[in-house]
Amino acid sequence: MSFVLGDLAMSYRLFADPSSYAYIETDNQLIFGLFQVLFGLVLFSFIISVLSAALVELIEKIKSGTLAYNKKGHILFVNYNIKLPMILDEFDIKSSQTKKTQNVVLLFPDSETVANFRAELDKDRWPNLDIFLRQGDLLSFHTYLRQGIFKALGLVILHSDQFKSPLESDNFNLKLLTLLVSNLKFLKHLQDRQRQKQPMKCLVELSVNPESKVIAQNLTSNESGNLFAVTTPGDVIGSVMSRAMVDIVYYKIFFETLSFAGPTIHFVDPKQIKNAGDLVGKSFQELLLSFSGASLIGFSGVENGKFHIQLCPFESKLKQGEWLIILAENIKALKFKSVQIDLSNTPIHTLKSPEEYDSRKICVIGEQWPLGNIEEFIDEKSITSLSKSHFIFENEKEYFQKEFHKTLFEEKYDNIVINLSDELGFRLSLILSQLMQNREKLQTKFITVLGDPTTEQLLNAYSSEINTVLSHKLAARYIAQLAFQKNLEGLFTELAFAEGSEFNLLEVGTHIPSEVLQNADQLKALLSQNSLIYVGMVDKEKNINLYTSNFKNAKEILVLSRGDR
């Protein structure tokens with residue numbers, strides 16, 4: 001080419017600068033210069049087309065979610081249901097508190113689910129999360145390898161809403177569990193992490209079917225405990241929902257403690273507490289009175305290779321290797337100071353224990369959410385009354401008959417629980433709220449069970465007479481907690497059910513005299529003498545104030561106690 005066009009510099013100028021043709025000396029330079037330009041354009045166009053095709057293919061893979069995930073330290077979610085965005089809300093709060101961006105991989109079974117989620121994805125909603133959308137064959141272990149399952153911090157398998165029945169969804173999740181635990185390399189990975197006390201946080205969500213839960217627990221059982229936490233609507237969340245129908249306060253305390261935005265339960269190494277010294281050998285009561293800004297509720301440890309917890313262990317002392325279980329909003333603000341309180345003038349004898357079972361006249365409208373174990377929290381008279389006051393109509397119009405509404409108010413129920421679908425429950429709540437405004441002396445409390453947070457916000461904005469219970473959001477918060485700390489499963493199970501330790505309410509003037517509500521430290525000491533842990537105060541509007549020392553509007557004192565059942 002240089003022989004025809006001249007030197008290399010002239011060849012470059014003819015290709016890059018058309019004005020250089022003014023300086024050509026021969027026809028050969030003109031002809032071959034034009035040929036060089038045309039050939040270069042064709043070659044350049046070919047390269048551009050190849051790169052464009054590769055870029056289009058890459059964009060398509062990103063949109064469809066078929067790329068592999070090559071990083072580590074992520075949380076892997078499998079399947080989609082309505083609770084997923086609410087779970088991500090909790091993850092975002094947690095990441096904001098730790099000031100670290102959390103990588104989250106959402107693995108769906110098809111590109112349609114990926115596209116639908118992407119269309120609704122609002123990045124501003126989760127600024128502290130880096131979300132990666134993926135899709136693949138969920139019944140192939142290769143899919144999980146491509147998403148870095150061996151490098152993941154946690155694995156959450158949600159109850160899919162793509163199936164026609166809960167049983168089908170359960171079977172699919174059980175197939176996923178079988179696939180995962182049948183892979184010997186992955187099974188060994190989970191066992192090794194558990195043995196090293198750095199377990200991979202694994203959780204599977206199932207329906208209320210009890211057989212499904214038993215099968216899942218048997219599939220994932222291990223000598224040091226289950227490798228997967230198994231959650232269903234009939235366990236912790238179901239029990240909380242049932243108790244909320246008796247008293248809305250119990251829902252509120254769990255709703256707060258299950259969110260990372262409020263006070264949460266922490267497992268704390270006593271060696272890490274500043275200015276505390278060696279706490280081994282100190283009694284639970286002594287330690288309880290030494291913390292401020294939080295509530296010590298128990299001890300935890302490992303015995304014979306298995307994790308165990310002790311709540312309200314007033315008869316115990318802290319052993320070597322045990323950790324503290326603390327309920328606190330900001331664990332970094334925890335303060336320890338050994339205090340000695342004089343109880344000689346404290347009227348301990350005036351404390352009266354609450355009844356083991358509540359006596360409430362409860363009416364339930366509908367059957368959207370199962371009543372579950374509500375009979376564990378109310379007495380026989382209340383159970384009999386409830387059986388006669390559970391209204392289920394085949395024709396939806398009957399819920400809106402004036403005669404039915406008149407009956408509800410005439411019976412003077414303590415609680416009326418609206419347990420319908422969101423649309424029906426919203427309408428009925430508005431109607432009953434309007435009727436309630438014309439009955440000033442009525443003491444009935446309305447509780448509406450909802451799934452959609454938007455519907456709840458609208459209802460709360462309209463009326464303060466209606467207490468709302470968000471079933472899906474409560475479940476989402478519970479799943480998020482277990483995704484970060486699997487050991488909380490046993491703790492919340494004990495707190496939610498009637499057996500073992502549970503939250504209780506002491507009514508001011510009935511169970512505890514108002515004159516002792518002067519000093520928070522004095523109150524903590526008084527309650528501890530009766531094997532009760534002070535948690536907070538409940539006002540007349542049923543609002544909970546944790547660890548407060550202001551008892552001006554106190555109607556009830558919230559405590560944690562070990563039951564006799």
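A residue is called buried when its relative accessible area is under 20%, exposed over 50%, and partly exposed in between, with a 1.4 Å probe and protein chains only. The model is predicted, so local features need pLDDT of at least 70 and side-chain atom pairs count only at pLDDT 80 or more, while totals for chains, interfaces and linings use all residues. Residues are numbered from 1 along each chain as its sequence is written, and side-chain values use heavy atoms, with hydrogens and water left out.

Helices (H or I, at least four residues) and strands (E, at least two) are DSSP runs, numbered from the N terminus. Helix 19 covers residues 520-529, and because 7 of its 10 residues are buried, this helix is largely enclosed by the rest of the structure. Those buried residues are A520, L523, K524, A525, L526, L527 and S528. Helix 19 is followed by S531, which has a positive phi, near 60 degrees.

Strand 7 (residues 264-268) is also mostly covered, with 5 of its 5 residues buried. In a regular strand the side chains alternate between the two faces of the sheet. Here T264, H266 and V268 point one way, and I265 and F267 the other way. Two strands pair if DSSP finds at least two bridges between them; strand 7 has 5 bridges to strand 11 (residues 323-328), and the two run antiparallel. In this pairing, V268 is opposite L324 of strand 11.
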